[in-house]
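I opened this entry to go through the two chains and write down what I looked up. Short notes follow the picture.

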Amino acid sequence: MLILGQLAASDPSSAGTTFLRLLFGDAPGWPLRVAWDLAIVFVGFLALASVVGFLGIWAERKVAGRIQHRHGPNRVGPIGILQSLADGIKLVTKEDLLPRGADGWLFRLAPYLAFVPVFAALLAIPFGPDLIFERTLAVGLFWMLAILSVEVIGVILAGWSSNNKWSTYGAMREACQLISYEIPLGISILIVVVAAGTLDLVALSEMQAGGMWNWLIFHQPFVLLAFAVFFVASLASNKRAPFDLPESESELVAGYHTEYSGLRFSLFYLAEYNAMFVMGAIMAILFLGGWDDPLGYLSAWSARVPRDVLSLELLAVNGLAFAAFMVKAGLIVFIQMWVRWTLPRPRIDQVLHACIKVMLPMSLVLLLGSALWELFVQRNSIVQQITQWVLLAIGLAFVGFTFLVLAQAFIQGRVRHQRLSEPARLGNA
Amino acid sequence: MQAILFYIFAALTLAGAIGVVASRNIVRAAVQLLIALLGVAALYFLLGAEFLAAVQLVIYVGGTLVLIIFGVMLTARASLRTLHPTGGERAAAFASAILLLAALVTSVVTTRFIDSPAPANRYDGIQRLGQDLLGDYLLPFELSSLLLLAVMIGAAYLAKKRPQAKGEPR
């Protein structure tokens with residue numbers, strides 16, 4: 001909470017948002033500005049973080065159920081959507097346990113240290129043309145990476161202070177995994193920054209406006225490959241399977257949060273699902289055009305809307321942009337879940353090997369290629385145009401192919417399910 | 001408003017720093033160091049140096065501090081977890097601290113601070129920084145990265161498994 005206060009108050013002049021100006025006039029005094037900021041942080045963003053956690057956990061269980069041929073939660077509410085609420089109530093009413101021999105102060109502090117950085121990273125995301133909290137943050141992308149790197153301390157302290165061997169093992173794995181994967185993660189972001197020329201999240205999403213052929217992922221072949229590197233590295237830095245070694249339940253009970261119960265345990269979960277969402281949001285902003293829709297209608301509309309009166313149109317365009325952004329980020333979160341329930345878990349030495357000997361050289365080569373591309377290929381040149389369209393075609397073909405494979409698997413799964421539910425034939429060997 | 005926030009963050013930094021020195025438990029000291037570092041990052045933010053604040057977080061908090069805690073965990077013997085400094089160690093620590101304090105105070109007193117206006121364009125700071133680092137000051141930049149590379153190779157060499165000499169305890 002301490003750090004949260006710090007971060008919320010750290011730049012009070014930044015929130016000269018359109019809505020504040022429209023609601024309260026041109027130059028509101030500082031008490032009003034601060035109150036507005038605090039209200040946005042503690043009402044708006046806290047609600048967003050809770051909803052992301054709420055829906056994330058429910059979706060994860062549904063996806064897992066689907067992939068493992070079972071139903072998933074289906075008792076509480078329609079299609080089980082209120083399951084997380086029931087779990088939340090259960091967790092809140094549970095006893096807050098402190099293991100004997102644990103370092104009490106650190107044990108209590110650790111869940112907050114894990115959650116607050118993720119929450120602070122949420123603040124920098126531009127959700128729509130006017131839904132921007134940190135408007136003047138020129139290094140928004142770097143800031144998000146920096147604050148996300150604080151999360152690991154919460155996890156390490158949780159594992160260490162629990163006075164439990166399995167927790168400490170989990171924490172150690174987390175530390176080495178995170179430190180190694182931060183490098184390819186940072187370099188793959190650098191590749192995009194080389195192509196885009198800015199670290200400003202607002203500028204990044206505005207420069208990709210006007211349709212998916214303008215998206216940065218189709219800007220260069222190197223950025224397209226950097227997307228893959230970033231996705232794998234983001235799985236590792238979020239401790240998601242197949243890189244969930246810090247909490248691998250078949251070896252370490254539950255890893256670093258073995259000893260936690262009740263509200264503190266739920267904070268770890270909230271941190272995990274919000275970190276997934278933040279990674280999805282970073283990918284949406286960096287590669288997939290931010291809050292714009294694939295055909296560029298929203299950015300064109302947003303450019304036409306007058307910003308000097310609070311109109312229904314302004315609210316509508318922001319709402320739609322928010323929805324488009326959430327769909328993009330949500331799709332990436334869905335792919336993270338899909339990967340989790342599909343791939344087996346490697347050993348820790350294999351994880352580190354893959355990072356340092358495979359992904360690090362790969363990302364460095366891509367960085368070099370991206371820099372050379374920017375040096376020699378002119379913007380708006382014919383080569384650039386052709387590349388964009390070819391990459392767009394490749395991307396769409398890939399997505400289409402994936403959908404075809406999925407559809408086929410779905411149909412085959414039905415057939416196989418029917419065969420399996422028939423009584424087995426005996427004999428006849 | 002700025003002044004109030006400055007005093008809050010400065011107090012936080014000081015409290016963290018005092019905690020680091022006063023704590024006997026090494027991991028708790030690391031956590032208090034975290035508070036002090038975050039306070040300094042917040043101060044950078046107040047000054048409008050967002051890039052510096054982010055660098056502070058990513059290098060000191062995300063890198064150095066994690067390595068400290070990691071090192072403590074790997075070498076976690078009971079004697080190392082709590083500190084019991086001897087008289088000689090105390091004297092050495094005091095001497096170096098006073099030397100550092102003297103150096104810092106003299107540098108603060110002798111520097112003439114100029115009031116520079118905030119850059120008109122918010123990208124100015126970071127663009128200048130990048131161009132200076134990879135332009136005018138390229139040689140020092142490359143030299144320091146060479147130094148870091150040498151340190152890394154040295155660490156890898158030290159950590160390498162060597163055949164055990166006879167009689168040496170494992």
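**Conventions.** The model is predicted, and local features need pLDDT of at least 70, side-chain atom pairs count only at pLDDT 80 or more, while totals for chains, interfaces and linings use all residues. Residues are numbered from 1 along each chain as its sequence is written, and chains are lettered from A and ligands numbered from 1 in the order in which they are written.

**Chain A.** I looked up the secondary structure. Chain A has 16 helices and zero strands. Helices are DSSP runs of H or I with at least four residues, strands are E runs of at least two, and both are numbered from the N terminus. Next came burial. In chain A, 44% of the 429 residues are buried. I take a residue as buried if 20 or more other C-beta atoms lie within 10 Å of its own, exposed if 12 or fewer, and partly exposed in between, with C-beta atoms placed from the backbone. Then I checked contact range. Of the contacts in chain A with a separation of 6 or more, 79% are between residues 24 or more positions apart. A contact here means that the C-beta atoms of two residues, placed from the backbone, lie within 7 Å.

**Chain B.** Chain B has seven helices and zero strands. Its pattern along the sequence reads α-α-α-α-α-α-α. Buried residues are 17% of its 170. Among its contacts between residues at least 6 apart in sequence, 52% join residues at least 24 apart.

**Helix H6 of chain A.** How many residues of helix H6 (residues 140-148) of chain A are buried? Nine of the nine are, so H6(A) is largely enclosed by the rest of the structure. The buried residues include A:Phe142, A:Trp143 and A:Met144. I then asked what they pack against.

Leaving out residues up to four places away in sequence, A:Val278 touches A:Val118, A:Ala121, A:Leu122 and A:Leu148.

**H5(A) with H12(A).** These helices pack at an angle of about 30°, and their axes are 9 Å apart. Axes are lines fitted to C-alpha atoms, for helices over the stretch in contact, and angles run from 0 to 180 degrees between N-to-C directions. That makes the pair roughly parallel. Under 35 degrees counts as roughly parallel, over 145 as roughly antiparallel, 65 to 115 as roughly perpendicular, and the rest as oblique. The contact residues divide into 14 nonpolar, one polar and one charged. For these classes, Ala, Val, Leu, Ile, Met, Phe, Trp, Tyr, Cys and Pro are nonpolar, Asp, Glu, Lys and Arg are charged, and the others, Gly among them, are polar.

**H5(A) with H2(B).** I then crossed to chain B. The axes of H5(A) and H2(B) come within 10 Å and cross at roughly 40°. The two helices are therefore oblique to each other. A:Trp105, A:Leu106 and A:Leu109 in H5(A) meet B:Val27, B:Arg28 and B:Val31 in H2(B). These residues divide into five nonpolar, no polar and one charged.

**Interface.** The contact takes 32 residues from chain A and 26 residues from chain B. On the chain B side, helix H1 (2-22), helix H2 (26-46) and helix H3 (50-74) each give two or more residues. H3(B) gives the most, with 12 residues. The chain B side divides into 22 nonpolar, one polar and three charged.

**Two single residues.** Is A:His219 buried or exposed? A:His219 is buried, with 25 other C-beta atoms within 10 Å. A:His219 sits in the loop between H9 and helix H10 (221-237) of chain A. I also checked B:Ala15, which lies in helix H1 of chain B. B:Ala15 counts as partly exposed, with 14 C-beta neighbours inside 10 Å.
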